[in-house]
Amino acid sequence: MGSELKDLNSKPAKTQQPDPNDDDASAKDDRPLLKSTASSAAEDIQELEKKFAAFVRNDVYGSLGCGKLPLKEKLLLGIALVTLLPLRLLLVMSILVLYYLICKIFTLCSAPNLEEEQEDYAHLGGCRRAVILQSGRYLSRLLLFMVGFYWINETHKDSANTQDNSKTESTKQSEERVRPGAIVSNHLSYLDVLYHMSSSFPSFVAKKSVSKLPLVGLIGKCLGCVFVQRESKSSDFKGVAGIVTDRVRNAHQNELAPMMLLFPEGTTTNGDFLLPFKTGAFLAGAPVMPVILRYSYRRFSPAWESISGVRHVVFLLCQFVNNLEVTRLPIYHPSQQEKDNPKLYANNVRKLMAAEGDLIVSDIGLAEKRIYLAALNGNNRLPSVLHQKND
């Protein structure tokens with residue numbers, strides 16, 4: 001990747017410098033110089049889009065959601081802005097407040113679990129946990145419905161590609177009854193979490209700042225989220241990996257413990273690619289359930305790539321219908337070799353998901369994504385960004 005970027009950076013735009021003493025030359029060359037620079041920037045962006053295709057938006061709204069819209073799209077967007085947007089915002093906030101109140105009521109007089117410097121209410125049992133879980137699943141699906149996901153196409157694939165053909169039928173059925181320790185899913189948008197909440201209500205890893213957000217913070221604690229500081233370089237990061245491993249193992253062994261939802265890619269894509277997997281979900285050596293998500297669209301892509309959060313929410317709520325396709329693969333039972341080698345385990349699950357989901361395997365990651373986004377947000381900074389990457 002470094003050599004590719006170096007090649008791209010080694011082709012600066014060629015511009016002709018005017019003679020400062022020649023007024024005519026200055027007047028003639030000024031406009032072509034600007035045109036040449038703009039053309040060079042556009043070419044650089046096109047080259048980046050080829051290399052970082054996993055993060056490119058291909059919908060009507062284009063990169064950053066700022067593309068030039070056709071007249072028909074402008075009319076549809078205008079109608080939705082004054083009708084759908086305010087109605088859906090009201091409904092979404094009402095559902096969010098309702099679930100917050102449910103969580104607040106059923107955690108009253110209960111101390112949060114403060115082990116390992118985390119804070120959650122996932123340890124609650126009995127009817128309180130049952131109400132939080134069932135209402136959370138129902139309201140999550142209702143929220144998706146309110147924003148246009150009227151139906152969700154779910155496909156359950158057979159276990160032919162995840163089980164050894166030599167196993168007897170009874171052995172296969174026995175393994176299928178084993179509870180997975182984690183759900184591993186490709187990652188496209190914050191909407192992914194809502195779907196998984198509606199289907200299995202798992203715990204997941206979230207930024208530490210989420211725990212302090214109004215409404216959402218308490219809901220995350222009731223889910224049993226593991227809150228982390230992404231940029232942390234301290235030993236706390238190793239501690240978080242240990243917490244996740246313990247929770248995956250506990251979920252596998254204890255039916256009352258919430259399963260972990262993990263996005264092993266570590267960042268989002270546009271839905272057509274699968275990035276390298278991190279090993280966090282596989283360190284425990286417990287079985288996992290692979291799930292593949294895909295948002296089909298004609299106008300606006302619900303994938304959260306190269307677009308601001310506010311703009312994404314507005315365009316999403318202004319889209320009359322949104323579609324989500326889910327492919328659930330059988331529980332993946334690791335071999336002893338995979339248990340001993342989490343990296344091998346992660347790579348094998350990734351290969352399976354790519355094959356079953358018809359996804360393109362890509363070796364780029366978050367670092368390359370930041371280069372692409374920096375280029376989109378400021379074309380004039382592209383050469384310096386590429387130079388820093390090469391260094």
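1. A residue is called buried when its relative accessible area is under 20%, exposed when that area is over 50%, and partly exposed in between, as judged with a 1.4 Å probe and the protein chains only. By this scale Lys157 is partly exposed, because its relative accessible area is 31%.

2. The model discussed here is predicted, so local features need pLDDT of at least 70 and side-chain atom pairs count only at pLDDT 80 or more, whereas totals for chains, interfaces and linings use all residues. Residues are numbered from 1 along each chain as its sequence is written, and side-chain values use heavy atoms, with hydrogens and water left out.

3. The protein contains 14 helices and nine strands, where helices (H or I, at least four residues) and strands (E, at least two) are DSSP runs numbered from the N terminus. Of the 391 residues in the protein, 46% are buried. The accessible surface comes to about 20500 Å², and carbon and sulfur atoms account for 56% of that surface; such areas come from the Shrake-Rupley method with a 1.4 Å probe, and for residues only the protein chains shown count as cover.

4. If one takes the contacts (heavy atoms within 4.5 Å) between residues at least 6 apart in sequence, 74% of them join residues at least 24 apart.

5. There are nine salt bridges in the structure, each being a side-chain nitrogen of Lys or Arg within 4 Å of a carboxyl oxygen of Asp or Glu. One of them joins the side chains of Glu73 and Arg299, with an N to O distance of 2.8 Å. This pair links distant parts of the chain, since Glu73 lies in helix 3 (residues 71-82) and Arg299 in the loop between strand 7 (288-294) and helix 10 (309-317), 226 residues apart. Both Glu73 and Arg299 are buried.

6. Another salt bridge joins the side chains of Lys157 and Glu356, at 3.0 Å from N to O. Lys157 sits in the loop between strand 1 (152-156) and helix 6 (169-176), while Glu356 belongs to helix 12 (residues 342-357), and the two are 199 residues apart. Glu356 counts as buried because its relative accessibility is 16%.

7. A further salt bridge is formed by the side chains of Arg294 and Asp272, at 3.4 Å from N to O. Arg294 is in strand 7, and Asp272 is in the loop between strand 5 (260-262) and strand 6 (273-274), 22 residues apart. Arg294 is partly exposed because its relative accessible area is 25%, and Asp272 is partly exposed because its relative accessible area is 32%.
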